[in-house]
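Please walk through this structure with me as a tutorial, taking each feature in turn with the general idea before the particular case.

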Amino acid sequence: MTRTNPSSATASPAASSAPDLPAPGGLCAIHQPNLFPRLTTLAKLFAADTWIVLDDVQFTRRDYQHRTRLAALGAQQTPAPRWMSIPTHLPQGRQTIVRDALIVDPDLARRRTVAMLRQYYGASLHWPALAQSLEPVAASFGSGRTAVVAETSARTLLGLLGWKGQILRSSDLTARPGRSQRLADLAAAIGARSYLCGTGGMKYLDSAPFAAQGLAVIPFLTPPGGIWGSGRQVSALWAVATLGPTALAGRLRAVATAQTALEPAA
């Protein structure tokens, strides 16, 4: 799996100049910014060479753009995971796009988020490293934008786990309308060779726009059971705090290697 240089992009609502594109031929994942993403989502981003942050689509309150589920340290299911949310105002109502969503009282939201994370994971042997990596997330509340905090939370977890890929934003790239056409255009715009698609996306994805641009679509799969048992419901924070960054990174590298093996021969 070819790796690009670590992203130097700052977490801003939109860039003022053309982005620095990765070297062509990489594996691309496209996903909305999720607050401390679920383990399966984080694993998909980790397996990719480039993550295109889908920041110019409609904000959805029922999604994970402003919330996540926290599982108690050492236990994925008992007690039941609890929601942690960033109170979010949508200036344009339901038509508000992701990057325009605003945090309601950013300072209060920051203090409550930090306190809740410490409550859940402060007893972990790995808390010092995790707490240090969370400092940029706490600082990002100063932007006043939910998407900035969500993107920063994912970037910091990826960095803690040693990911060396690149992060770009869809708002900085050109793509045609249409759900699958848009994704295909975004992947093609950065010169990707393959698009990594989660199980949810595979339910609706039309592969024709990808094939038309010579892009392979690779279904992203995780192992059954173990830490992956609740991976689609619980934030990856649980796995980081329970296993530690080094052990979890090893698990993610194994999954990433398996995904690379699914790619068609060049």
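The dialogue below moves from the whole chain to its sheet, helices, cores and a few single residues.

Q: What kind of model is this, and how are its residues numbered?
A: This is a predicted model, in which local features need pLDDT of at least 70 and side-chain atom pairs count only at pLDDT 80 or more, while totals for chains, interfaces and linings use all residues. Residues are numbered from 1 along each chain as its sequence is written, and side-chain values use heavy atoms, with hydrogens and water left out.

Q: How many helices and strands does the protein chain have?
A: Helices (H or I, at least four residues) and strands (E, at least two) are DSSP runs, numbered from the N terminus. Here the protein chain has 10 helices and nine strands.

Q: What share of the protein chain counts as buried?
A: Buried means under 20% relative accessible area, exposed means over 50%, and partly exposed lies in between, with a 1.4 Å probe and protein chains only. By that rule, 50% of the 266 residues of the protein chain are buried. The accessible areas themselves come from the Shrake-Rupley method with a 1.4 Å probe, and for residues only the protein chains shown count as cover; the total for the protein chain is about 11,800 Å², of which carbon and sulfur atoms hold 54%.

Q: In what order do the strands of the open sheet lie?
A: Two strands pair if DSSP finds at least two bridges between them. In this structure five strands form an open sheet with parallel pairing, in the order E7-E2-E1-E8-E9. At the edges are strand E7 (166-169) and strand E9 (216-219), each of which pairs on one side only, and the twist from one strand to the next averages 30°.

Q: Which residues stand opposite each other in these pairs?
A: Strand E2 (residues 50-53) is joined to E7 by four bridges, and isoleucine 52 there faces leucine 168 in E7. Three bridges link E1 to E8, again in parallel, with leucine 27 having serine 194 in E8 as its bridge partner. E8 also pairs with E9 in the parallel sense over four bridges, where tyrosine 195 stands opposite valine 217 in E9.

Q: Which residues touch the most other members of the largest nonpolar core?
A: In soluble globular proteins, nonpolar side chains tend to be buried together. A nonpolar core is a set of buried Ala, Val, Leu, Ile, Met, Phe, Trp, Tyr and Cys residues joined through side-chain atoms within 4.5 Å. The largest core here has 53 residues, and Phe36, Tyr121 and Leu130 touch the most other members. Helix H1 (residues 39-47) gives the largest share of this core, six residues. A second, separate core of 20 residues includes Ile52, Val98, Leu186 and Leu205.

Q: How far apart are the ring centres of tyrosine 64 and tryptophan 83?
A: A pair of aromatic rings is described by the distance of the centres and the angle of the planes. Rings of Phe, Tyr and Trp (its six-membered ring) pair if their centres lie within 6.5 Å; planes under 30 degrees apart count as stacked, over 60 as edge-to-face and the rest as tilted. The structure holds three aromatic pairs, and in one of them the rings of tyrosine 64 and tryptophan 83 have centres 5.8 Å apart and planes at 40°, so the pair is tilted. Tyrosine 64 counts as buried at 13% relative accessibility, whereas tryptophan 83 counts as partly exposed at 31%.

Q: Where does glycine 231 lie?
A: Glycine 231 is in the loop between E9 and helix H9 (237-243), and is buried with a relative accessible area of 1%. Its C-alpha atom is separated by 5.2 Å from that of threonine 40, although the two residues are 191 apart along the chain.

Notes: Axes fitted to C-alpha atoms, helices over the stretch in contact; angles between N-to-C directions.
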